[in-house]
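Here is a friendly walk through a predicted model. Have the coordinates open beside the text and follow along.

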Amino acid sequence: MPHQETIRLQGIHGSPYTRKMLAVLRFRRLPYRFIINWPQNPDAPGNEENRGTLPKPKVPLLPTVYLPDPTGTLEAVVDTTPIIRRLESLSSTRSVLPSNPVLAFLNYVLEDYADEWLTRCMFHYRWHFEADIEKAGRILPLFVRVNQSQDALEAQAEEFTRRQVSRLHVVGSNQTTAPVIEESYRRFLRLFEGHLQDHPFLFGKRPSSADFAMMGQLTCLTHFDPTPMRLCESLAPRVYAWVERLEDLSGYEVVEQDWLNPAGSLPNTLIALLSEVARTHMPQLIANGRAVIGQKETFTTEIDGRAWAQPTFSYQLKCLQWTREEFQSLSSAEKTLARSVLEATGLSPLIDATIDAD
């Protein structure tokens with residue numbers, strides 16, 4: 001990608017995935033233009049006049065990034081994990097993917113955990129507790145248009161809140177799963193706090209895409225929503241400060257040697273975080289995958305000794321399949337090393353469990 005080519009990114013500050021991508025672009029020093037709005041709404045104040053001529057994504061998600069396809073035609077793309085890798089293929093400047101393939105695979109596992117499990121924590125805390133519901137409904141609609149009338153704001157807040165609360169079950173938040181989600185968030189805070197005592201980032205002295213994925217969800221959990229924010233301030237002050245730091249690392253200098261060496265012993269604190277993936281995210285990924293293949297609308301499983309029940313989610317079967325493809329792309333020697341980590345953390349079923357219909 002020519003250095004002067006500007007990347008258009010459309011999103012909203014309250015979106016954790018938008019914050020993830022903005023932080024990646026800043027760290028990588030890639031020129032970008034941030035368009036504040038949803039991709040299907042061309043009329044937000046401050047947007048360029050030809051905003052409505054930009055291509056529409058097949059699914060309007062945040063963020064939407066506009067990149068040239070192989071023919072040079074601009075296209076609207078969504079889903080931050082493949083977007084980050086597509087940007088890596090266009091420019092290798094200040095990569096957020098570990099150069100060692102085994103670390104890159106573990107980074108993929110933790111990025112998926114952040115994007116697909118920690119987002120459950122984010123959505124649950126934001127739309128389950130009254131104080132959090134009230135704040136989100138009152139403030140989030142203002143992120144696109146701060147000077148809307150009070151009547152318009154109140155009407156939009158009521159509709160937005162009703163819609164979001166009604167979607168809680170979709171991400172797996174319900175009376176059965178609430179204790180699992182809340183305990184997992186508190187445990188994650190303690191584990192990550194322990195890791196940050198000795199390591200500024202997940203994989204050493206430079207940030208990876210998994211760091212930015214975690215940071216994106218935590219901008220909501222630790223810096224906006226009052227209930228999980230109080231927990232972070234109490235349990236994990238390093239995590240709170242870390243989230244602030246990752247917003248803009250454009251001036252943070254890195255070298256190749258800043259990555260951990262997977263041939264040596266990985267930090268016990270990183271092993272503990274990967275073990276948390278096996279404890280929470282992995283069981284529902286596998287159970288969901290089997291249910292999707294079995295064409296079931298809901299599934300049940302057990303997470304951390306507790307019942308879990310939710311609607312099936314076909315996208316998460318793709319996430320599981322993509323993780324397995326990442327593992328299969330490793331060489332034989334790399335797979336052996338990766339397997340030693342998977343076995344030490346209880347993550348082997350993530351790669352080995354049979355995903356057949358129940």
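## A phenylalanine in a loop

Phe224 has a relative accessibility of 12%, which is under the 20% cut-off, so this residue counts as buried. Its place in the chain is the loop between helix H7 (209-221) and helix H8 (226-235).

Which residues does Phe224 touch, leaving aside those up to four places away in sequence? The list is Arg126, Lys135, Ala136, Ile139, Leu140, Phe143, Thr219 and Met229. If you want a distance to check in your viewer, take Asp132: this residue is 92 positions from Phe224 along the chain, yet their C-alpha atoms are separated by 8.7 Å.

## The four-stranded sheet

Now turn to the open sheet, where four strands follow the order E2-E1-E3-E4 with mixed pairing. Strands E2 and E4 (74-77) are the edges, each pairing on one side only. On average, and ignoring direction, neighbouring strands here are turned by 25° against each other.

Strand E1 (residues 7-11) is largely enclosed by the rest of the structure, because four of its five residues are buried. E1 pairs with strand E2 (residues 32-36) in the parallel sense, over five bridges. Between these two strands the chain passes through helix H1 (residues 16-28), and the β-α-β crossover is right-handed. With strand E3 (residues 64-68), E1 runs antiparallel and is joined by three bridges.

Ile7 has Tyr32 as its bridge partner in E2. Arg8 is bridged to Arg33 in E2 and to Tyr66 in E3.

## Helices against the sheet

Which strands does H1 touch as it packs on the sheet? They are E1 and E2, and the direction of H1 makes about 155° with that of E1. Helix H2 (residues 80-90) lies across E1, E3 and E4, running at about 30° to E3.

## Salt bridges

How many salt bridges does the model contain? The count comes to 18. One of them is formed by the side chains of Glu159 and Arg162, with an N to O distance of 2.8 Å. Both residues belong to helix H5 (residues 150-166) and sit three residues apart, about one turn of the helix. Glu159 is partly exposed, at 37% relative accessibility.

Another salt bridge connects Glu193 and Arg238, whose closest N and O atoms are 3.4 Å apart. This pair ties together parts that are 45 residues apart in sequence, because Glu193 is in helix H6 (residues 178-196) and Arg238 in helix H9 (residues 237-246). Is Glu193 buried or exposed? Its relative accessibility is 7%, so Glu193 counts as buried. Arg238, in turn, is partly exposed with a relative accessible area of 41%.

Arg279 and Asp304 also form a salt bridge, with 2.8 Å between their closest N and O atoms. Distant parts of the chain are linked here: Arg279 is in helix H10 (residues 268-293), while Asp304 is in the loop between strand E5 (298-303) and strand E6 (306-311), 25 residues apart. Arg279 is partly exposed at 36% relative accessibility, and Asp304 is partly exposed with a relative accessible area of 30%.

How values were computed. Residues are numbered from 1 along each chain as its sequence is written. This is a predicted model: local features need pLDDT of at least 70, side-chain atom pairs count only at pLDDT 80 or more; totals for chains, interfaces and linings use all residues. Side-chain values use heavy atoms; hydrogens and water are left out. Buried means under 20% relative accessible area, exposed over 50%, partly exposed in between (1.4 Å probe, protein chains only). Contact means heavy atoms within 4.5 Å. Two strands pair if DSSP finds at least two bridges between them. A crossover is right-handed if, with the strands pointing away from the viewer, the path from the first strand over the helix to the second runs clockwise. Axes are lines fitted to C-alpha atoms, for helices over the stretch in contact, and angles run from 0 to 180 degrees between N-to-C directions. A salt bridge is a side-chain nitrogen of Lys or Arg within 4 Å of a carboxyl oxygen of Asp or Glu.
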